[in-house]
Amino acid sequence: MTVPRILVVDDEDDLRELLEITLIKMGLDVDCADCLGQARSHLAQTEYGLVLTDMRLPDGLGIELVREVAASYKNTPIAVITAFGSTDNAVSALKAGAFDYLSKPVALDQLRMMVQSALRTHKTGGNVMPAGTRADNAQSCLVGQSAVMRDLRAQIVRLARSMAPVAITGESGSGKELAARDIHAHSARADKPFIAVNCGAIPEALMEAEFFGYRKGAFTGANDDRDGFFQAANGGTLMLDEVADLPLPMQVKLLRAIQERRVRKVGATVEEPVDVRIISATHQNLAECVEQGRFRQDLFYRLNVIELRLPPLRERLDDVGLLADVILARLSGGTAPAVLTPAALDALRAYAFPGNVRELENVLERALAFANEGAIEVADLALKAAMPLAASSVRAAEPEPVVVAEPEGREVSTPPAAEPASGMNAAISEPESELPASLPDYLDAVERDVICRALAKTHFNRTQAAELLGISFRQLRYRMQRLAIHEPDA
Ligand SMILES: Nc1ncnc2c1ncn2[C@@H]1O[C@H](COP(=O)(O)OP(=O)(O)OP(=O)(O)O)[C@@H](O)[C@H]1O
């Protein structure tokens, strides 16, 4: 196996030598250049596994080299070394196609991690890649043959080659998590963990410990050392889902972790290096959140280096047939899948899908329960319930009782609520003057009651129930799990 060769471009003798020695100690071959001109002639003669360039050079800027390498040596990752605290340079280099960046003073542990990760990328990106490696074989999970989906899949393959943070935007249920998984699966990190964190579902008091881990004894109940999401995702990808829901104090800590690439466990005195690619996602408009002061501008800038937009399903209704086939095949669990009648397919293609692909999954899952002999008719789709503006000729299923498992395991059924007040359960219908014996139990009972009513109203369509309640699907799912609310017969 040939030893990868690295090109170091820096006019500072001390730093160039330090980089050279460190790389040679890693068993790599190194060429050095002290200006852009020399770097160009090296590149013309040799194929490099990585180019590492300073930003300021005597005959120009490192970013020029970034653009040239990104355009003409697509299989060669290039990383830049930026001055301390110059976020702007790092972000522009990433946008111009740099694989990654290091800040001065260069921390050698970070340099080693970055080089290893770049060399994996180099291998997976070109013909030196060993046949059968995971990223090579990765198939996209994103179903769809529309032009916009094809373009999206091509973008994902390109993005997978760099470390640049990606911000995925798109409506709830449009496939943001699936896209993030795809980026990871196509990257040289595919063999390492992919960790998706729902930032809106973690109680604020636990956030730091959940993200960065904690040391034994750091707080009551910390009986052992524990890793956080960053350590769990080390070498791989960390997806910050619903990132707009992060409270401001946590945004500061996260920004620091991303910038320094180091985290400190709660209760620890030392920081540890982490090598994590960050992908963030939100269905909210993050720029608006910044304007409203709910999201820090600096973190926004850091996360939003490359944007990936997931189109809503209504913008690619041509994909509905293919998606429905894939979903029905999955739901059939190996038996002959149900099929949509032509009229049912037309009805789906005329529907706006506010809940996107997740809603299509929900609609089909419920339709299967009504379908006769494996054929799904328009009425089975119950689109009247799913879309209030739809034609009234469509049959809606009767509301079903919602089953709630009580904390001690006992199951009770609450009737579907006709009037908001009638769904109130005993725990919350106390006379006004009396105070609840336990505030948490009381609040849980209120939450359970409201969620059950929303579910009953939407025939247990969780996408719509979440919408009615003004929360995301994931937040609803989290709350249902916490309160042990299950679908009848689920
Ligand atoms: N293009 C697609 N092909 C196949 N399945 C898809 C596609 N897009 C979404 N899905 C499916 O739809 C569901 C929702 O997708 P996903 O969780 O990725 O959406 P999301 O945008 O992250 O949602 P949220 O904003 O609520 O977190 C999942 O079950 C996913 O598998």
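## Exercises on a predicted model

In strand β10, leucine 240 is the bridge partner of valine 197. The model is predicted: local features need pLDDT of at least 70, side-chain atom pairs count only at pLDDT 80 or more, and totals for chains, interfaces and linings use all residues. Residues are numbered from 1 along each chain as its sequence is written.

**Exercise 1.** State how many bridges join β9 to β10, and give the order of the strands in the open sheet.

*Solution.* Helices (H or I, at least four residues) and strands (E, at least two) are DSSP runs, numbered from the N terminus. Two strands pair if DSSP finds at least two bridges between them.

1. β9 and β10 (residues 237–241) run parallel and are joined by five bridges.
2. The open sheet has five strands, ordered β9-β10-β13-β8-β14, with parallel pairing.
3. β9 (194–198) and β14 (306–309) each have a single partner strand and stand at the edges, so one side of each is left without a neighbour in the sheet.
4. On average, neighbouring strands of this sheet are turned by 20° against each other, direction ignored. Axes are lines fitted to C-alpha atoms, for helices over the stretch in contact, and angles run from 0 to 180 degrees between N-to-C directions.

**Exercise 2.** Classify the packing of α3 with α4 and of α19 with α20.

*Solution.* Two packed helices are described by the angle between their axes and the distance between the axes. Angles under 35 degrees count as roughly parallel, over 145 as roughly antiparallel, 65 to 115 as roughly perpendicular and the rest as oblique.

1. Helices α3 (residues 62–72) and α4 (residues 87–96) pack at about 20°, with axes 9 Å apart. α3 is therefore roughly parallel to α4.
2. In this contact (C-beta atoms, placed from the backbone, within 7 Å), Ile63, Val66, Arg67 and Ala70 of α3 meet Ser92, Ala93 and Ala96 of α4.
3. The residues of the contact of α3 with α4 divide into five nonpolar (Ala, Val, Leu, Ile, Met, Phe, Trp, Tyr, Cys and Pro), one polar (the others, Gly among them) and one charged (Asp, Glu, Lys and Arg).
4. The axes of α19 (residues 462–469) and α20 come within 8 Å and cross at roughly 100°. α19 is therefore roughly perpendicular to α20.
5. Arg462, Thr463, Ala465, Ala466 and Leu469 of α19 make the contact with Phe473, Gln475, Leu476 and Arg477 of α20.
6. The residues of the contact of α19 with α20 divide into five nonpolar, two polar and two charged.

Technical notes:
Two residues are in contact if their C-beta atoms, placed from the backbone, lie within 7 Å.
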